[in-house]
Amino acid sequence: MTGPSAPVPGRPAVWVNCAASVDGRLAFAGGRRARLSSPEDLVRLQRLRANADAILVGVGTVVLDDPSLRVHWDLLNEPEGKNPIRVIVDSSGKTPAKARVLDGSAPTIVGTSQANRRRYPDHVERIVAGSDSVDLAELFRALVDRGVRRLLVEGGASILSSVLRGGLFDRFTIYYAPVVIGGLSAPPVARGPDVEAMEQALRLDLVEVERVGEGYVATYVPRSRPPPARP
Ligand SMILES: NC(=O)c1ccc[n+]([C@@H]2O[C@H](COP(=O)([O-])OP(=O)(O)OC[C@H]3O[C@@H](n4cnc5c(N)ncnc54)[C@H](OP(=O)(O)O)[C@@H]3O)[C@@H](O)[C@H]2O)c1
């Protein structure tokens, strides 16, 4: 993870990354995992992970994909190094007991709410942020206190919506695979509340487009200026 690394007051530098189909879906129908990244994009993702202090996903992704959230050093042709902290956002304790993120193979934090009475394994740190669902801004502040300066947010659709629409990010990269998924139940890049007008939509600035294998990566930053007036 290069790019924004200077800590923003009150939160880490946050890089959001995901892979989507050209019609903006993160997975197949019902959320079934789609391996959308090309081999070249997988290497790019491993580099982002290796350069981050922590990697964050929502519990929906843990339940559906069971990711390890570990750096695959072999894809980088590098010897095994330190794995970033794994951060799971889980308000009510839905992380399955057998989830790979709870296997103790890397430092792991569960960001949760006061309402969650679930016990996690001893090696898992618990950060309470929010009363019913997780207050991500509060969680990010707590991560800074634990030395996290660079946070990689990988998904899924609900977390991406909260982080992006909450303005809690500095850089957003999407790998677009040359694939169309369609349908009604495949998760979009961002869920969250309905938007009915452009004024309510999150506006971004496109800063870079790069071909990566058979697809391309678009890089966006939060919009820093008002959109141009329509003629
Ligand atoms: N293509 C990619 O790059 C990529 C990457 C990651 C995931 N995915 C896909 O994304 C899909 C999962 O997305 P998802 O929306 O179902 O799950 P998600 O975004 O991974 O997790 C959402 C869950 O997080 C919890 N949460 C707690 N506080 C939250 C907050 N402030 N904002 C948002 N969520 C909060 C909620 O559950 P509780 O209320 O129970 O806590 C919520 O249901 C899967 O299909 C997966 O394959 C794709």
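Trainee: How does the lining of the second largest pocket split by class?
Mentor: The lining has 11 nonpolar, no polar and three charged residues. Gly would count as polar. A pocket is an open set of 1 Å grid points where a 1.4 Å probe fits, with protein on both sides within 12 Å along at least five of seven lines; lining residues have an atom within 4 Å of a point.

Trainee: Where does this model come from?
Mentor: It is predicted, so local features need pLDDT of at least 70 and side-chain atom pairs 80 or more, while totals for chains, interfaces and linings use all residues. Numbering starts from 1 along each chain, and side-chain values use heavy atoms, without hydrogens or water.

Trainee: Back to that pocket. Which residues lie nearest its centre?
Mentor: L164, F172, A190, L202 and L204, out of 14 lining residues. β7 gives the most, three residues. Strands are DSSP runs of at least two residues, helices of at least four.

Trainee: And the largest pocket: how many residues line it?
Mentor: 43 residues line the largest pocket. R33, V57, T61, D65 and E154 lie nearest its centre. The lining divides into 20 nonpolar, 15 polar and eight charged residues.

Trainee: New topic. What surrounds the ligand?
Mentor: 27 residues do, with a heavy atom within 4 Å. T61, S91, K94, S158 and S162 are the closest. By class, the shell has 12 nonpolar, 10 polar and five charged residues.

Trainee: Which element gives the largest share of that shell?
Mentor: α2, with five residues. That helix spans 59-65.

Trainee: What does the S162 side chain do there?
Mentor: One of its N or O atoms lies 2.6 Å from a nitrogen atom of the ligand. The cut-off for such polar contacts is 3.5 Å. A polar side-chain atom of S92 lies 3.4 Å from a ligand oxygen atom. For G58, a backbone N or O atom lies 3.3 Å from an oxygen atom of the ligand.

How values were computed:
Polar contact = N/O pair within 3.5 Å; in protein donor to acceptor, adjacent residues only side chain to side chain.
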